[in-house]
Amino acid sequence: MDSGNVARKRRPSLWRMPVVGADVESVKRSFLRHIQTSLGRDEYSATPADLYEALCLSVREHLLMRWIQTQQTYYHTDARRVYYLSMEFLMGRALHNALSNLGLLDVYRRAIAELGYSLDELEEQGTEPGLGNGGLGRLAACFLDSMATLQLPAVGCGLRYDYGIFRQEILDGRQIEEPDDWLRLVNPWEIARPAQAVRVQFGGRVQLYDDGTGRLRSRWLDTHDVQAVPYDTPIPAYGNSTVNTLRLWSARGTEDFDLEDFNVGDYVGAVTHKVMAENITKVLYPNDNFYSGKELRLKQQYFLVAATLQDALRRHLVTHPTLDDLPEKVVFQLNDTHPALSIVELLRILLDEHNFSWEKAWGIVTSTMAYTNHTLLPEALEKWPVDLMQRVLPRHLQLVNDINQRFLDDVRLRYPGDHDMVSRLSLFEEGSTKRLRMAHLAVVGSFSVNGVASLHTDLLKKRVMPDFHRLWPERFNNKTNGVTQRRWLLACNPPLATLITNRIGAGWITDLDQLRRLDPLRDDPEFLRELDGVKLRAKQRLTEHLRQSHGVELDPYAIFDVQIKRIHEYKRQLLNALHIVHLYLRIKRDPGALRTPRAFIFGGKAAPGYAMAKLVIKLINDLGARINSDPQIGRRLQVLFYPNYNVSAGELIFPAADVSEQISTAGFEASGTGNMKFALNGALTIGTLDGANVEIAEQVGDDNIFIFGHDVDEVARLRREGYDPRAIYRDDQDVAEVIDLISGDFFSPDEPGLYQPLIESLLDRDYYLLLADFAAYRQTQLKVDAAYSDRSRWMRMSLANIARTGMFSSDRTIRDYAAEIWRLRPVPVELT
């Protein structure tokens with residue numbers, strides 16, 4: 001949000017910002033005014049959706065004044081800015097967050113109630129933008145909240161997908177993907193900025209020419225262009241006047257309609273360009289199993305990069321005569337490899353459009369780009385086929401070849417004769433299909449490379465990128481992820497937030513380390529009883545929601561054992577399911593086997609093309625169908641798969657959880673943030689020493705977490721020495737009877753052999769070591785059952801988790817980024 005290239009002048013006094021009333025009567029007038037003058041409705045014709053939109057527009061008035069002042073402040077102070085590029089932003093609903101951060105929640109609740117409406121019911125009318133697959137997008141959203149609250153000049157940069165991540169429905173136990181048309185209703189939070197649209201080029205050819213000084217330069221010609229239109233969403237701070245911007249780009253055709261084609265009767269051809277152009281932001285992350293899917297995904301990534309860089313450079317040139325000082329005023333943070341083409345695009349702009357020398361241009365690029373790695377999975381480290389790059393981005397492929405040549409020349413000088421190292425470090429992977437390694441490009445073109453948990457960063461240095469770490473050890477650093485306590489405690493768990501504030505004050509809302517002051521209360525029986533009551537109310541709230549929306553009756557006095565995350569083999573939802581079958585068999589033999597009833601709650605989506613993950617979802621639902629209807633089991637054991645898990649669902653589930661399942665195979669999870677949200681809300685972790693679990697264990701103490709399974713070194717040793725899962729099946733009776741029950745079609749009587757792919761995967765390979773960890777997992781679950789039966793002990797453990805999660809605030813993470821990577825200082829905003 002800014003004034004573009006329009007000359008900035010001091011305006012007459014009539015341009016001073018109006019005062020927006022924040023009392024109950026002013027809110028009522030604002031709400032009714034928007035119903036009438038913004039929507040053209042009255043008390044008879046206004047629908048619930050109209051009422052919600054008018055409510056949002058009323059709240060937006062308070063944001064807009066701060067938003068404008070924030071951008072003016074950044075301009076007048078010539079602030080250094082960070083552009084946070086991410087293909088995903090999973091923001092969640094905006095209304096409650098905005099009211100909470102503005103400090104207007106109680107005022108609006110009263111005002112709307114006095115008009116005869118319920119704020120909570122109107123909020124349910126809002127759609128949730130599903131612009132992310134899970135952790136990556138939700139992390140980006142937490143970061144935006146923290147950047148604003150810490151008063152840092154920042155812009156979130158992403159794509160405005162017409163359709164977000166699919167809406168998951170469960171039919172006969174199977175995942176069914178339905179389109180997520182989140183824009184079917186007006187999005188009242190965004191403002192379109194068509195005047196700041198930019199052109200993005202694809203395809204074409206490259207022409208060499210003499211620039212008149214004897215230098216050969218390149219022109220990118222005969223391209224197929226697409227228009228990128230920005231839509232801005234305000235990101236309010238908590239407790240101060242800063243309102244930063246999330247800028248999402250939408251693709252539009254540069255030619256809406258070809259009249260010549262239309263006149264000759266080619267009605268489809270007349271709009272073909274428009275349709276093809278707009279496909280770029282039609283849907284989040286298409287399935288890339290096919291060439292067309294890969295091409296569209298590449299176009300999406302470049303579209304984000306090209307639009308963002310044009311926008312950032314335009315903004316810089318409003319106040320600076322050249323781009324020479326760009327590194328002093330701008331930093332681009334690349335959220336994973338998806339925006340890594342920023343490196344090549346900035347180089348192209350500097351060389352081809354601003355006539356910089358290679359050395360000067362590359363110096364600017366490598367002083368402004370910073371890269372965050374989010375994965376240890378080899379298949380998740382993107383690699384683009386060179387022939388696809390040649391067709392879609394021919395100029396960029398030329399530049400990547402140049403970058404690679406210069407880089408490898410330096411490597412050869414530093415390590416003469418080490419041809420294997422040259423091959424390992426090359427930006428290109430040779431083979432039947434030559435590919436561009438995007439993670440390598442990101443490291444070579446960035447001044448900072450960070451992991452997102454201590455263990456992850458260590459593995460990044462030693463296992464994923466050891467040669468790069470040997471080359472540039474100073475570039476590598478750790479920034480452990482965090483979550484915003486404003487959404488994941490204050491907003492989603494008001495009873496717990498109130499209990500905490502009544503004891504230690506409200507300072508924790510912006511300084512989560514203050515929760516440490518709760519630690520002495522672990523010896524206060526009255527506080528522990530209050531904390532226990534808060535947890536029970538959260539469980540009852542979730543139980544009532546499940547009863548009304550899903551027709552499921554859970555026992556709120558059972559242990560709520562929760563695993564909610566993307567469905568993937570390495571996250572081991574299947575290990576959890578195997579243990580449920582084991583418990584089922586135990587209870588069938590001995591109805592008193594469990595001290596406390598257990599309700600297992602799963603949630604998460606499988607990628608549409610990921611057959612094994614979808615089969616796990618089917619198994620979980622089949623377990624629930626059989627176990628929940630078994631009269632001998634009753635409510636001793638219940639299994640629920642929560643369909644279409646999203647941010648709003650998480651806001652109900654995290655406060656209600658007793659046990660947090662973080663059971664990925666050690667060495668595969670980069671960090672995780674669900675583990676932090678659970679701990680913040682008092683759930684106890686059962687988990688492996690993987691990702692941020694390691695740091696959570698360090699913070700809360702070994703006595704307040706349940707750790708099991710092979711660690712990273714043991715996983716490596718087991719594989720090295722030869723792992724035989726069938727030996728475990730032969731020797732462990734518990735494993736054998738679980739496997740036999742599933743493979744014997746007990747849970748799938750109408751579909752014989754349905755689960756054989758899962759069984760064969762476990763017995764023939766078991767790559768993620770489920771059977772190797774099963775015995776330890778089973779024993780640790782017995783410890784969970786025993787600990788929960790001692791309520792005083794459990795609540796002391798629960799409070800230890802709450803009190804010691806201060807370091808897992810995204811505020812701490814962003815402070816570290818700002819101080820150690822971005823060199824960014826707070827820029828306070830004062831309303832005039």
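A search of the whole structure finds four cavities of 30 Å³ or more. A cavity here is a set of points, on a 1 Å grid over the protein atoms alone, where a 1.4 Å probe fits but cannot get out. The structure is a predicted model, in which local features need pLDDT of at least 70 and side-chain atom pairs count only at pLDDT 80 or more, while totals for chains, interfaces and linings use all residues. Residues are numbered from 1 along each chain as its sequence is written, and side-chain values use heavy atoms, with hydrogens and water left out.

**The second largest cavity**
- The second largest cavity has a volume of about 70 Å³, a volume being the space filled by probe spheres set on the grid points.
- Its lining has 14 residues, of which K565, Q662, S664, E669 and N693 are the closest to the centre; a lining residue has an atom within 4 Å of a point.
- This lining divides into one nonpolar, eight polar and five charged residues, with Asp, Glu, Lys and Arg counted as charged and Gly among the polar ones.

**The six-stranded sheet**
- Six strands form an open, parallel sheet in the order β20-β19-β18-β21-β22-β23; strands are DSSP runs of E with at least two residues, helices are runs of H or I with at least four, and two strands pair if DSSP finds at least two bridges between them.
- β20 (637-642) and β23 (706-707) are the edge strands; each has a single partner, so one side of each is left without a neighbour in the sheet.
- Strand β21 (residues 659-662) is joined to the parallel strand β22 (residues 684-687) by four bridges, and V659 has L684 as its bridge partner in β22.
- Helix α33 (residues 791-803) packs on the sheet and touches β21, β22 and β23, its direction making about 85 degrees with that of β22; contact means heavy atoms within 4.5 Å, and angles run from 0 to 180 degrees between N-to-C directions of axes fitted to C-alpha atoms.

**A hairpin**
- Five bridges connect the antiparallel strands β3 (residues 167-171) and β4 (residues 174-178), where L171 stands opposite R174.
- Two residues lie between β3 and β4 in this hairpin, and D172 in the turn has a positive phi of about 55 degrees.

**Two individual residues**
- H62, in helix α2 (residues 48-76), counts as buried at 4% relative accessibility; buried means under 20% relative accessible area, exposed over 50% and partly exposed in between, with a 1.4 Å probe and protein chains only.
- F746, in the loop between α30 (733-743) and α31 (756-764), is partly exposed at 24%.

Definitions and conventions. On a 1 Å grid over the protein atoms alone, a cavity is a set of points where a 1.4 Å probe fits but cannot get out, and a pocket is an open set with protein on both sides within 12 Å along at least five of seven lines; lining residues have an atom within 4 Å of a point.
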